Amino acid sequence: MTGPRRQGHRQARADLYIRDMRLIIPLLAACLIPLPVSAWEAGTQGPLCTLTHSEPGAEIRLTYDSRGPEYTITLTAPTPWPRQPVFTLRFEGGPGLAISTDRHILSPDGRSLTVIDRGFGNVLRGLAENRQAIGLTGPGMLSFSLDGAAPEVAKFEACGTAPSV
């Protein structure tokens, strides 16, 4: 190719390149945007040891206060929990376990369900040794993944036994 025909071909290729880049650059930029991570996290907030996890449609928060000593577990759903006399926390994908209580309380908006107790050995074992947990009150159900929970559960357990400085 020579002359104007060759220049026309180059221009067409350049136009295609620019069009393709206009499509690809936003896709590449989207890959760089940090997405929310669904992770378990143990920590402390003042005198409280905490273990938290959030994923779309489910939040869980455990606390341990050695001054009590007292444990709490709160499951927050996107919609209110049905008011039922029994709450069950079922663990699946491992040794399995189901724990039930009638001593649960609901937040004023009904979205958060909390259980308070002096011992949570079975709950912590269930979180560490299974793949999924399911909270149930009658027809109400909230499930969440336990992927990555075990090391954070171990940190949470160690938090309450660490010597104070």
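How do strand 5 and strand 9 pair, and over how many bridges? Select residues 132-137 for strand 9 and you will find that strand 5 and strand 9 pair in the antiparallel sense over five bridges. Strands here are DSSP runs (E, at least two residues), numbered from the N terminus, and two strands pair if DSSP finds at least two bridges between them.

A quick word before moving on: this is a predicted model, in which local features need pLDDT of at least 70, side-chain atom pairs count only at pLDDT 80 or more, and totals for chains, interfaces and linings use all residues. Residues are numbered from 1 along each chain as its sequence is written, and side-chain values use heavy atoms, with hydrogens and water left out.

Next, pick Phe91, which stands opposite Ala133 in strand 9. Then turn to the other partner: strand 5 (residues 87-92) runs antiparallel to strand 6, joined by five bridges. Arg90 faces Ala98 of strand 6 across this pairing. At the hairpin of strands 5 and 6, with four residues between the strands, select Gly93, whose phi is positive, near 85°.

Last stop: Pro80, in the loop between strand 4 (70-76) and strand 5. Beyond its neighbours within four places in sequence, Pro80 is in contact (heavy atoms within 4.5 Å) with Asp109, Gly110 and Arg111.
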